[in-house]
Structures are given as C-alpha cells and as structure tokens.
Amino acid sequence: MAWTDASKDRFKELWKNQLYSAVNIANILTKEYGQNITRNAVLGMRLRLNLPLRGISAEERAKTFTPRPRAPKSTKVFQRPPDQFFKVSRPPEPKQNDQDIPQAQRRTIFTLTSETCRWPVGEGESVFFCGAPEADFEAGRPYCPQHHARAHNRAADLKAEAAGRAA
Ligand SMILES: [Zn+2]
C-alpha cells in the first residue's frame, strides 16, 4: 500500500475516532482506497505519524459514545468589584491625644516661636498650642510632624467631603 497525503489524513481522522479499532480502520481504508491495507500497516502508520496510542477498553468506548450532557454555559459576567475596592486606604491618624501634650511644651499665642508647633488645642480661654519644637514656620512647616500629618489628613477629608457633596 502506498500511502498518499489524502489517505494519511483520512487515517488520522479515523484514528482520532476512538470507536474504530486498527482493524476497522484497515478495512475502511481498504474499501475507500481500493488497496489492501492490513492492521499492521495501520499500526505502522500510527507510529510513523507519531499519533497517540488509544488503549481504551470496550467499556470506555461505550461511555465515549454516550452523549454527555454539556455543561451549561456560564452566564456569569465579570462583575466590577465595588468602588470600595479601589479606594486607597489612608493609614489611620496617629494616636495622639492633644490633652497629653506636656504642660512644659505647651505654648500660648505669646510664647509661640517659629520653631514651635502652632497646632491649636481647645477653644476660647483654655486654648493652647502644641509647642513641639520640630516646626519651622519660616520654611512653611507650622506644625510638628504629627500635627502636620493630621492637618494633611484633615484637608484631604474636607476635600473628599466637598467632592462628595458636589457629586
Ligand atoms: Zn504639634
């Protein structure tokens, strides 16, 4: 038997069908191409074409033949996670109680210097300023780092609030 590209292709197709044994395929090809093709020729060609072996039992063969119910196509669409998901979380405000500011550090409006933090605490008569020495008013840093962070957060909060109201 001289194999042609067409008969090889036909062979591959038949081989893929698990229901055909090598003998079946040999018979089909013999009929279709009018040449005597033996089971051995079929198995030899399988090797040459490097097709996978199909060692399945008759039982499995029967199973393959049973049309299996198709898994229903999932109708789920990708859902966008809630907006919360995209929110960049800001670290919580550093725990700081202004009432814990030591008396010795506190400043009044009269004792503030450009190096002392101007964060106001309280209201009216009892108001005082943080007075931490890490500020540099002239350099545009009127607060100590802690109060700077809080001022920044407060500004961001107000901004977010305003944006929320505008929306
Ligand atoms: Zn401060």
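Me: At what angle do helix H1 and helix H2 pack, and how far apart are their axes?

Reply: Two packed helices are described by the angle between their axes and the distance between the axes. Here, helix H1 (residues 5–16) packs with helix H2 (residues 22–33) at an angle of about 145°, and their axes are 11 Å apart. Axes are lines fitted to C-alpha atoms, for helices over the stretch in contact, and angles run from 0 to 180 degrees between N-to-C directions. Helices (H or I, at least four residues) and strands (E, at least two) are DSSP runs, numbered from the N terminus. This is a predicted model, in which local features need pLDDT of at least 70 and side-chain atom pairs count only at pLDDT 80 or more, while totals for chains, interfaces and linings use all residues. Residues are numbered from 1 along each chain as its sequence is written.

Me: Which residues make the contact of H1 with H2?

Reply: Two residues are in contact if their C-beta atoms, placed from the backbone, lie within 7 Å. H1 contributes Ser7, Arg10, Phe11, Leu14 and Trp15, and H2 contributes Ile25, Ile28, Leu29, Glu32 and Tyr33.

Me: How many helices and strands are in the protein chain?

Reply: The protein chain has five helices and two strands. From the N terminus on, their order is α-α-α-α-β-β-α.

Me: Where does Gly140 lie, and is Gly140 buried or exposed?

Reply: A residue is buried if 20 or more other C-beta atoms, placed from the backbone, lie within 10 Å of its own, exposed if 12 or fewer, and partly exposed in between. Gly140 lies in the loop between strand S2 (128–129) and helix H5 (145–166). Gly140 is exposed because 6 other C-beta atoms are within 10 Å.
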